[in-house]
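Biologist: I have not seen this structure before. Could you take me through a few parts of it?

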Amino acid sequence: MEAQPPPPSPHSSTKSTAMAASSTFSAASFPFPFSSSSSTKPSSSSSSFPLKHPHHALFPLSLTLSASATPPPPPAAATTSIEIEKSQVSSTPSKALPFRVGHGFDLHRLEPGYPLIIGGINIPHDRGCEAHSDGDVLLHCVVDAILGALGLPDIGQIFPDSDPKWKGCDSSVFVHESVRLMQEAGYDIGNLDATLILQRPKLSPHKDAIKANLAALLGVDPSVVNIKAKTHEKVDSLGENRSIAAHTVVLLMRK
């Protein structure tokens with residue numbers, strides 16, 4: 001009868017387990033989600049933590065992790081000034097979209113001794129807008145809405161109030177320039193919706209004239225222009241007849 005080999009010693013089993021547990025694993029052989037490439041060489045740094053054996057013996061387990069990251073490019077030099085010359089303002093949007101949406105906002109103080117001009121129409125009132133140009137709050141926010149839809153600088157950057165040549169300027173000049181930039185970019189106005197906010201005077205008798213003049217300045221049919229007027233319920237400077245504000249949303253459509 002052949003002699004049976006002796007059963008394995010529990011000490012030898014524990015020793016084998018310890019040898020297996022103390023092996024070192026490299027992240028290069030495992031698809032870690034934060035590794036940028038399977039061929040990336042592991043770095044010299046490693047993370048270790050204890051692995052508890054079923055028999056309560058502690059064995060060190062070392063993991064070598066690698067992660068590669070491409071540093072971001074240095075930021076481009078910021079533009080410190082914007083020239084007024086037409087050649088310095090690009091009318092081509094960064095991406096040719098089938099339509100673009102812009103929003104404009106403007107607010108001016110109302111002071112005695114100034115004319116109140118809204119949408120190019122002189123509105124009878126005991127005070128008007130104090131501003132560098134003629135203070136037409138509606139035309140200013142319409143221009144900003146068009147420039148915003150095109151992704152261009154705002155009206156204050158293209159026509160700065162620090163430039164004396166815009167002192168007392170008719171705001172229709174700004175509208176014509178924004179329309180020129182819009183057409184050069186290959187867009188037409190789809191529709192425009194404006195809201196005027198002022199406590200006094202009531203604009204209902206003047207809405208049709210404002211709408212017709214604004215449509216003529218933009219070169220569009222009056223049906224695509226909408227003018228609304230709201231009071232501010234006697235709240236803050238707008239409600240106390242000390243200021244006037246306007247919001248405009250415009251939709252530009254590709255020609």
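The questions below go through a helix, a ring pair, a strand and a loop residue of this predicted model.

Biologist: How far does helix H4 reach from its first C-alpha to its last?

Modeller: Helix H4 covers residues 172-184, which is 13 residues. At 1.5 Å a residue, a span of 18 Å is expected. The model comes close to that, with a reach of 18 Å.

Biologist: Which elements do the buried residues of H4 pack against?

Modeller: The buried residues of H4 include Phe 174, Val 175, Leu 181 and Met 182. The buried residues of H4 pack against helix H2 (137-150), helix H3 (155-158), S8, H5 and strand S10 (243-254).

Biologist: What kind of aromatic pair do Phe 159 and Phe 174 form?

Modeller: A search of the whole structure finds one aromatic pair. The ring centres of Phe 159 and Phe 174 are 4.6 Å apart, and their planes meet at 35°. Planes under 30 degrees apart would count as stacked and those over 60 as edge-to-face, so at 35° this pair is tilted.

Biologist: How many residues apart in sequence are the parts that this pair ties together?

Modeller: Phe 159 is in the loop between H3 and H4, whereas Phe 174 belongs to helix H4. Phe 159 counts as buried because its relative accessibility is 11%, and Phe 174 counts as buried at 4%. The pair therefore ties together parts separated in sequence by 15 residues.

Biologist: Which residue of S9 is the bridge partner of Ala 194?

Modeller: S8 pairs with S10 in the antiparallel sense over 10 bridges, and there Asn 191 stands opposite Leu 251. With strand S9 (residues 225-230), S8 pairs in the parallel sense over six bridges. In S9, the partner of Ala 194 is Ile 227.

Biologist: Is Gln 199 buried or exposed?

Modeller: Gln 199 sits in the loop between strand S8 (187-197) and helix H5 (207-218). Residues under 20% relative accessible area count as buried. Gln 199 has 12% relative accessibility, so it counts as buried.

Terms used
Residues numbered from 1 in each chain as written. Predicted model: local features only at pLDDT ≥ 70, side-chain atom pairs only at ≥ 80, totals over all residues. Heavy atoms only, no water. Helix = DSSP H or I, 4+ residues; strand = E, 2+ residues; numbered from the N terminus. Buried < 20%, exposed > 50% of the residue type's maximum accessible area, 1.4 Å probe, protein only. Expected span 1.5 Å × (residues − 1). Contact = heavy atoms within 4.5 Å. Phe/Tyr/Trp six-rings, centres within 6.5 Å; stacked < 30°, edge-to-face > 60°. Pairing = 2+ DSSP bridges.
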